[in-house]
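Please consider how side chains from separate parts of a chain come together in the structure shown here. The account below turns to aromatic rings and then to charged groups.

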Amino acid sequence: MLKKLLPRQSVHTIYDIDVDHLWGFGVRGIITDLDNTLVGARDPHATPELIEWLERLQKVGFKVVIVSNNHRGRVSTFAEPLGIPFIYRAKKPTNVSFHKAMRLLGTNARQTAVLGDQMLTDVLGGNRMGLYTILVKPISVMDEGFFTKINRRIEKLALKWMKK
């Protein structure tokens with residue numbers, strides 16, 4: 001079970017992902033978390049750097065969908081100006097939102113990557129579905145909510161236990 005918490009790849013930020021490698025590996029769709037993955041948890045809009053990165057993904061040929069456990073207002077305020085489809089109150093790591101996201105992307109599990117900053121939601125959910133999981137370091141842990149802080153403590157304990 002603990003192996004399901006380990007991502008296929010770990011990077012410092014989304015900008016460190018080799019998108020050409022992902023494409024070459026057969027990935028065609030990207031499911032991405034929002035808060036502390038794309039922007040800080042309190043940042044309402046995309047940065048110019050993020051917009052440029054998303055445009056690069058599109059030029060390569062990737063389709064992107066945002067899957068967030070946050071509420072509709074937060075996710076729609078961010079995603080709609082970018083024209084990116086989204087799923088809110090996703091209840092990650094359950095499978096339902098990952099299946100829905102793949103339908104939106106038109107991909108299967110082998111063609112789909114998941115980007116996120118949490119092992120207990122993004123990585124666990126993606127790994128349970130057989131997706132290519134990429135863990136990024138959280139952008140701003142100071143802005144995280146109560147439950148995310150609890151998840152971070154559990155993640156630290158799990159990593160410590162796995163190292164034994």
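**Aromatic and charged contacts**

Tyrosine 15 has a relative accessibility of 29% and therefore counts as partly exposed. The model discussed here is a predicted one. Tryptophan 53, by contrast, has a relative accessible area of 11% and is buried.

A search of the whole structure finds 4 aromatic pairs. One of them joins tyrosine 15 and tryptophan 53: the ring centres are 6.2 Å apart and the planes stand at 85°, so the pair is edge-to-face. This pair links distant parts of the chain, since tyrosine 15 belongs to the loop between β1 (9-11) and α1 (19-25), tryptophan 53 belongs to helix α2 (residues 48-60), and the two are 38 residues apart. The rings of phenylalanine 86 and tyrosine 88 also pair, with centres 6.4 Å apart; their planes are at 45°, so this pair is tilted. Phenylalanine 86 is buried at a relative accessible area of 18%, while tyrosine 88 counts as partly exposed at 31% relative accessibility.

A ring also meets a charged side chain. Arginine 28 lies over the face of tryptophan 23, at 3.6 Å from the ring centre.

Side chains of opposite charge can pair when their charged atoms come close. In this model the count comes to 4 salt bridges. Among them is the one between the side chains of aspartate 20 and arginine 56, at 3.0 Å from N to O. It links distant parts of the chain, with aspartate 20 in helix α1 and arginine 56 in helix α2, 36 residues apart. Aspartate 20 is partly exposed, with a relative accessible area of 46%, and arginine 56 is partly exposed as well, at 37%.

Aspartate 35 forms a salt bridge with arginine 74, the closest N and O atoms being 2.5 Å apart. Because aspartate 35 lies in the loop between β2 (29-32) and α2, and arginine 74 in helix α3 (residues 72-79), the pair ties together parts that are 39 residues apart in sequence. Aspartate 35 is buried at 15% relative accessible area, and arginine 74 counts as buried at 11%.

Aspartate 122 forms a salt bridge with lysine 92, with 2.7 Å between the closest N and O atoms. Here too the pair links distant parts of the chain: aspartate 122 is in helix α5 (residues 119-129), and lysine 92, 30 residues apart from it, is in the loop between β4 (86-87) and α4 (95-105). Aspartate 122 is buried, at a relative accessible area of 2%, and lysine 92 counts as buried at 7%. Together with Asp33, Lys92 and Asp122 are linked in a network of salt bridges.

Key: Residues are numbered from 1 along each chain as its sequence is written. This is a predicted model: local features need pLDDT of at least 70, side-chain atom pairs count only at pLDDT 80 or more; totals for chains, interfaces and linings use all residues. Side-chain values use heavy atoms; hydrogens and water are left out. Rings of Phe, Tyr and Trp (its six-membered ring) pair if their centres lie within 6.5 Å; planes under 30 degrees apart count as stacked, over 60 as edge-to-face and the rest as tilted. Helices (H or I, at least four residues) and strands (E, at least two) are DSSP runs, numbered from the N terminus. Buried means under 20% relative accessible area, exposed over 50%, partly exposed in between (1.4 Å probe, protein chains only). A charge sits over a ring if NZ of Lys or CZ of Arg is within 6 Å of the ring centre and within 35 degrees of the ring normal.
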